[in-house]
Amino acid sequence: MLNAFKKIASTSVVKIDPLEIEIPIERGERLLSSALKQGVKWPHRCKVGSCGTCKAILLSGDIKAQLNFGYVLTPEEIDEGYILACQSTLKSDIHVLIKPRAKKGKEKI
Ligand code: FES
């Protein structure tokens, strides 16, 4: 009887390009915070959805936005599939493209 109420652990996988890595993300956990905990060097600053530094292009899969990305991303970026990793939870396995941080003194990608 108790098993009927037991929460089933649910994990999705995010494939991150161009880093060519895959990591598990617990359902309900924010993409950025989970990736950082697992050692991924994901560009970020505020972690609260106001700077846009953590943006990534969602190539496949489905996420749930925890706030309206339109406050930070341009309509063009949203049309191109950009998401904010710090304000996204996963609804399925996903594939994203991030822009690694440029080294100081180098031209930004
Ligand atoms: S880290 Fe600033 S918007 Fe995500």
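Strands here are DSSP runs of E with at least two residues, and helices are runs of H or I with at least four, each numbered from the N terminus. The model is predicted: local features require pLDDT of at least 70 and side-chain atom pairs pLDDT 80 or more, whereas totals for chains, interfaces and linings use all residues. Residue numbers start from 1 along each chain as its sequence is written.

Next, display strand 3 (residues 55-60) with strand 7; they pair in the antiparallel sense over four bridges, pairing being defined by at least two DSSP bridges between two strands.

Keep V14 selected. Beyond residues up to four places away in sequence, V14 touches E22, I23, I25, L31, L90, I94 and V96, a contact being two C-beta atoms, placed from the backbone, within 7 Å.

Proceed to the largest nonpolar core, of 18 residues, where V14, L31, L32, C54, L84, A85 and L90 touch the most other members. Such a core joins buried Ala, Val, Leu, Ile, Met, Phe, Trp, Tyr and Cys residues through C-beta atoms within 7 Å; buried means 20 or more other C-beta atoms within 10 Å, exposed 12 or fewer, and partly exposed in between. Helix 1 gives the most to this core, three residues.

Finally, select the loop between strand 1 and strand 2, where P18 lies. The D17 to P18 peptide bond is cis, with omega near 5°.
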